[in-house]
Amino acid sequence: MHSADEWLSEPDHDPTMRGNLVSTEAKHNTLGGVRPRKRTPLSEDWVNERTEQSGGTALTILEAQTNAVSLSSWIQTNSDLAAARLVQTGAVLFRGFAVNSVDKFREVVSGFGGEEIEYRERSSPRTEVTHRIYTSTEYPADQSIFPHNENSYAHVWPRKIFFCCLSPAEEGGATPIVDVRSVYQCIAPEIRRRFEDAGVLYLRNFSEEIGMSWRKAFQTERREEVEEIARSAGYRLKWQDDNRLTTWRDGKACGRHPSTGQPIWFNHAAFFHVSTLPLSIRQTLAAQLAEDELPNNSYFGDGSPIEEEVIEHIRSCYLAHQLIFGWRAGDVLALDNMLVAHARQAYHGARRVLVAMKDPFQSEMFDSCKEKEDEL
């Protein structure tokens, strides 16, 4: 058991105070048969718990009543509680712990256990700040980012993704979250069945001029290595003129969560579809490129177009179930990446949010829910 000093970043805290790290109401809760481990006695209500909900999305908030509490140490002793909340709501916000540096964020991520993931098969620009800790997507501040599950288009994706706000924006810049269990239930059954039957085909064009280069996406300078990655990850590819690369990859549209068995909507069909782009960007691309030359686009698995009204319906399901909270400096957000999608609002002013990913999951392990449709 940890000593009280290990819980605190200020060692001169009064060790005579007694209580529990989680509020009296929360300490009796169990989820899925998991009972939180016994916690080191400190002051009553040292870490309070509450839940915010919007539509079909919930966010567990665990808030320290003083920033003297070390989040990395708290997680080590309360790992069962944190894991149980993450399975239940899919999203846990740790607030008030003053995680105000890259090193502190790295300690928190390490405390969750599991394998850290390098960001490969990339679709967005990021910078590696330190080993496998990245900046959040580096799109221009005036652009919003549509909800998505990290790397759901790829061969491998993270089961968990973590965000740390070192500096919130002056205005905007929130990270909306969306429970994709609710998205699945929201989508019209006839549309859902079309995707379950056909799957999704992702078209991507890598270029030095528009979008992302294949060097950045696959993190290599060698064509031979790209071809090796593509073969093992189920891509079809074609080298074009001017050092461009086109890839196609088939993926499932939905499946069952590996821990809960619940059906989830898990794909990049709406995110990559050209109709999701802002109109000004869409018009600019259309003036320069043919449809099969766009940086990203999505189709039904047989290659047939996905109608814009279908994508609009899917987008409306994401937006109807999103939950938005405002970042505070020192916040850490943990998401079950297969339960909860995330997005980004446009913003003004400086904003610094870090990202880390853990627990790789391969697409061939993703169980289909097509044959169990009659159970829903």
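Visitor: How many bridges pair strand β11 with β12, and in which sense?
Guide: Bear in mind that this is a predicted model. Strand β11 covers residues 235–239, its pairing with β12 is antiparallel, and the count of bridges is five.

Visitor: Which residue in the hairpin of β11 and β12 takes a positive phi?
Guide: Look between the two strands, where the hairpin has five residues. The phi in question is near 60°, and the residue that takes it is D242.

Visitor: What stands opposite R204 in β12?
Guide: Strand β10, residues 200–206, pairs with β12 in the antiparallel sense over seven bridges. Within β12, the residue opposite R204 is T247.

Visitor: How many residues of strand β12 are buried?
Guide: Buried here means under 20% relative accessible area. Strand β12 spans residues 245–251 and is mostly covered. Of its seven residues, the number buried is five.

Visitor: Which strands stand at the edges of the eight-stranded open sheet?
Guide: The order in this sheet is β1-β2-β3-β17-β7-β20-β5-β4, with mixed pairing. An edge strand has a single partner, so one side of it is left without a neighbour in the sheet. That describes β1 (47–54) and β4 (128–130).

Visitor: At what angle does helix α5 run to β20?
Guide: Inside the sheet, β5 (residues 133–135) and β20 run antiparallel and are joined by two bridges, with T135 opposite L354 in β20. Helix α5 (residues 102–111) packs on this sheet and touches β4, β5, β7, β17 and β20. Its direction makes an angle with that of β20 of about 25°.

Visitor: And helix α4, at what angle does it run to β3?
Guide: Helix α4 takes in residues 79–89 and lies across β1, β2, β3, β7 and β17. Relative to β3 (91–95), the helix runs at about 130°.

Visitor: Which strands are the edges in the open sheet of four strands?
Guide: Here the pairing is antiparallel and the order is β6-β18-β9-β16. Each edge strand pairs on one side only, and the two are β6 (145–148) and β16 (322–323).

Visitor: Which helix packs on that sheet, touching β6, β9, β16 and β18?
Guide: Its direction makes about 85° with that of β6. The helix covers residues 308–320, and its name is α12.

Visitor: What is the bridge partner of I177 in β18?
Guide: Strands β9 (residues 177–179) and β18 (residues 340–344) pair in the antiparallel sense over three bridges. For I177, the partner in β18 is H342.

Visitor: Which residues lie nearest the centre of the largest pocket?
Guide: This pocket holds about 960 Å³ of space, and by class its lining has 21 nonpolar, 13 polar and five charged residues. The elements giving two or more residues to the lining are β6, β10, α10, α11 and β18. Of the 39 lining residues, those nearest the centre are Y139, Q143, F271, L277 and N296.

Visitor: How many charged residues are in the lining of the second largest pocket?
Guide: About 350 Å³ of space lies in this pocket. It is lined by 20 residues, with E118, R120, E121, H155 and V156 closest to its centre. The elements that give two or more residues to this lining are β7, α8, α9 and β20. By class there are eleven nonpolar and three polar residues, and the charged ones number six.

Conventions. Residues numbered from 1 in each chain as written. Predicted model: local features only at pLDDT ≥ 70, side-chain atom pairs only at ≥ 80, totals over all residues. Heavy atoms only, no water. Buried < 20%, exposed > 50% of the residue type's maximum accessible area, 1.4 Å probe, protein only. Pairing = 2+ DSSP bridges. Contact = heavy atoms within 4.5 Å. Axes fitted to C-alpha atoms, helices over the stretch in contact; angles between N-to-C directions. 1 Å grid on protein atoms, 1.4 Å probe; cavity = no way out; pocket = protein on both sides within 12 Å on 5 of 7 lines; lining within 4 Å. Points joined across faces, edges and corners; volume = space filled by probe spheres on them. Nonpolar A, V, L, I, M, F, W, Y, C, P; charged D, E, K, R; others polar.
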